[in-house]
Amino acid sequence: MTRVLHCRGATVGGRLRKEPPPYLGGVLAVFSALTSCPMKFQGQARSGRRALDSRRRTRGHPRIRNQRWRFGDATAAATHLFGGQSEVYQPLGNVNLEFGASNQAYDSYKRELDLHTATVVVTYSIGAVQYTREHFCSNPHQVIVTKISANTPGQVSCTLSLSSQLENNVTVTNSNEVVMEGICPGQRPGLRKGDSNDVIGIRFSAVLGLQIGGNTTKAAALSDQKLRLDNADWVVLVVAASSSFGGPFVNPADSKLDPTSIALNTINRAKNLTYAQLRAAHLDDYQRLFYRLTIQLSRGLKDTRGSLTEKERPKVEVGEEIRTSADRVKSFSIDEDPSLVELLFQYGRYLLISCSRPGTQVSNLQGIWNQDVAPAWDAAPHLNINLQMNYWPALPCNLSECQEPLFDFLTFLAVNGSKTAKVNYQASGWVTHHVSDIWAKSSAFLKNPKHAVWPMGGAWLCTHLWEHYQFSLDKDFLENKAYPLLEGCATFLVDWLIDGPGGYLETNPSTSPEHAFVAPDGQPASVSYSTTMDISIIREVFSAVLLSAEVLGKSDTDLVKNIKKALPRLPPIQIARDRTIMEWALDFQDPEVQHRHLSHLFGLYPGHTITMEKNTNICDAVANSLYKEGEDGPGWSTTWKMALWARLFNSENAYRMVLKLITLVPPGEKVEFEGGLYNNLWTAHPPFQIDANFGFTAAIAEMLLQSTQNDLYLLPALPCDKWPRGCVKGLRARGDVTVNICWDEGELEEAMLWSNHRNSVTRLHYGERVATLRVCSGTVYKFNRGLKCLKAWTLGK
């Protein structure tokens with residue numbers, strides 16, 4: 001059962017007089033009424049069948065294939081496939097810390113996030129007293145922990161409270177505990193009609209408990225809603241939160257979960273542990289994942305603090321200048337500091353560890369760190385690039401278990417998606433469109449068809465299932481989790497494909513995500529047939545099913561036979577008159593040439609059906625497309641371009657996108673460009689979207705290592721003049737292979753690789769050199785720059 005009973009995360013404000021960590025991000029995914037209720041599906045059935053009937057009457061007629069076909073009318077008709085609106089992800093609330101005024105000014109202020117310990121530390125001095133605040137979120141104990149201390153006894157005094165923008169009630173139960181109970185709106189405000197205000201939303205609770213040290217400490221309730229603490233040596237705040245969310249198929253009104261009891265039980269378990277014990281458990285859990293991979297791109301040892309382990313890092317000397325993240329980003333265009341690239345790479349891994357663990361919900365558009373009740377784009381998972389990009393670094397960057405929430409989410413989507421497939425498309429299997437939510441919404445959105453009418457969201461997500469198997473070779477996962485989902489997805493796709501001209505199969509209606517075109521009659525439109533992305537995704541899914549069936553001994557099923565018939569009938573990628581990849585089946589006029597989406601290039605990355613070795617002409621057209629698209633765009637588009645250039649082995653242009661992303665976006669100011677980084681290194685659309693943080697990490701990994709089941713490409717897109725010396729240890733490759741690579745003076749120095757579970761024949765590539773190696777399970781192999789095996793030894797020795 002997927003849990004959302006976690007205290008999943010927080011942001012830390014770092015103010016001195018009044019400290020409201022702005023929100024408990026991810027403590028509770030706050031949503032409105034169920035989107036999978038029967039009435040909504042019945043509504044879809046009526047409109048969906050009308051649109052589908054019209055499609056089936058006209059799709060085979062030759063007149064819709066010529067210039068007289070009315071694409072504008074088709075776009076208008078596609079609105080009949082619309083479903084409901086997605087629900088909203090909202091913050092639970094704030095932990096407020098109020099400190100008394102002082103006549104003395106503060107100095108020596110510093111706030112930092114230590115990626116090695118996943119801990120925020122704030123230090124400052126007032127007079128002779130130095131104050132320290134330490135914050136971390138413990139996955140093992142499901143609590144947020146804050147310790148406030150001073151170097152002089154009796155100097156910690158503050159007022160503490162809980163608050164929320166949602167309906168709530170706060171009670172001080174004793175001098176060490178505050179309880180907040182609340183309820184979410186039953187339905188988003190814009191959709192409330194009639195008696196819908198009576199709909200019951202998710203209930204939630206947060207509990208704040210204290211551990212206090214000091215001989216002169218006083219703690220007391222203040223106005224029944226706050227705690228007042230005076231003259232303590234230190235105080236440890238422990239926060240737990242829970243909700244009544246019982247999964248996407250449980251109506252909040254029917255939930256039997258008691259969030260207050262759950263939160264109190266969590267607090268009571270944590271209060272029996274000291275701060276040191278809580279921190280030790282947190283570090284053990286976090287560092288087990290974080291230290292699987294280290295990276296150094298720096299010119300010298302003095303720049304490597306971001307890549308060394310906690311014990312290896314040199315201590316900061318007293319008086320040594322500490323540059324802020326904003327200053328480092330601002331100066332990157334001048335100094336091109338590679339240690340900032342290291343930091344941003346590891347920051348992406350930190351964020352994924354922090355927001356997506358087994359048992360949590362999927363990382364959404366803001367990860368878990370949304371502070372707004374009405375966030376941009378509802379902070380909803382978007383399935384036409386953003387959710388997928390969130391999980392791009394999981395496998396190559398050695399965090400495979402962080403994908404588990406995605407696979408749980410896919411399981412839920414398949415249930416609702418089977419209804420959508422039947423109602424909207426009269427098809428078997430399951431389907432999901434481009435926006436979802438905590439209720440596993442699978443139907444089309446209710447706005448512009450260029451966003452909504454795209455039934456490939458689930459299919460794209462299914463490619464992650466096959467990728468997980470390729471990296472892990474976990475046959476149990478393939479058989480019990482991946483294949484049933486792939487099978488249902490492919491069943492829909494087989495039903496969805498129809499006969500088209502020239503003996504090809506086609507998708508119809510079809511859109512290229514969020515991108516419109518000018519129809520031959522001069523009218524704007526977005527709905528046509530067989531967009532390049534549709535066909536590319538289908539080809540990937542069909543290939544994954546055939547390969548999975550071969551592994552599992554299921555190649556004689558009707559589905560496999562149908563796929564084998566359909567696969568050669570999928571239309572090939574077409575090259576336009578300007579030698580770019582055609583985005584649509586026809587060479588339409590594009591009113592937005594530099595569109596943010598790169599959907600038609602999917603086959604190169606993250607797909608695998610376009611390769612430099614097998615598709616030279618198409619790769620040239622991909623490069624032309626990227627030049628035509630230009631370098632501008634939101635953060636996630638920038639990092640997608642990074643990865644695409646890396647797959648083309650073009651280090652120069654991949655690095656240009658690194659430069660493009662590392663541009664400072666001043667907080668609170670209107671900027672005239674898209675993309676960039678905020679002060680805290682979050683990536684900007686703008687506003688903040690977390691996907692580019694993950695996309696950056698994945699793209700850097702692609703620059704350093706690429707793989708297929710039988711091929712490893714070392715340093716395929718290394719910008720030798722920018723990172724002439726470096727080392728990366730712990731990257732993962734397909735075939736259950738782990739790889740360490742070191743280089744010097746822009747040339748490979750040595751590489752080590754090993755596999756835990758299989759014997760295989762691997763081709764090792766470095767530049768023009770190729771070496772063939774038989775890899776035996778449990779053996780480490782060491783190579784030089786000439787790809788000569790220097791040494792082999794048993795793993796663990």
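Analyst: Let's start with a term: helices (H or I, at least four residues) and strands (E, at least two) are DSSP runs, numbered from the N terminus. Keep in mind that this is a predicted model, where local features need pLDDT of at least 70, side-chain atom pairs count only at pLDDT 80 or more, and totals for chains, interfaces and linings use all residues. Residues are numbered from 1 along each chain as its sequence is written, and side-chain values use heavy atoms, with hydrogens and water left out.

On a 1 Å grid over the protein atoms alone, a cavity is a set of points where a 1.4 Å probe fits but cannot get out, while a pocket is an open set with protein on both sides within 12 Å along at least five of seven lines; lining residues have an atom within 4 Å of a point. A volume is the space filled by probe spheres set on the points, and grid points are joined across faces, edges and corners.

Searching the whole structure turns up five cavities of 30 Å³ or more. The second largest cavity has a volume of about 50 Å³. Strand 19 gives the most to its lining, three residues, and helix 17, strand 19 and strand 21 (726-733) each supply at least two. Among the lining residues are Phe471, Leu705, Gln706, Ser707 and Arg734.

Ser707 and Arg734 turn up again in the second largest pocket, where they are among the residues nearest the centre, along with Gly607, His608 and Thr708. This pocket has a volume of about 1,000 Å³ and a lining of 43 residues. The largest share of that lining, seven residues, comes from helix 10.

So how does helix 10 sit against helix 8? Helix 8 (residues 404-425) and helix 10 (residues 457-472) pack at an angle of about 135°, their axes 11 Å apart. (Axes are lines fitted to C-alpha atoms, for helices over the stretch in contact, and angles run from 0 to 180 degrees between N-to-C directions.) That makes helix 8 oblique to helix 10; angles under 35 degrees count as roughly parallel, over 145 as roughly antiparallel, 65 to 115 as roughly perpendicular and the rest as oblique. Contact here means heavy atoms within 4.5 Å, and helix 8 brings Leu406, Phe407, Leu410 and Leu413, meeting residues of helix 10 including Leu461, Cys462 and Leu465.
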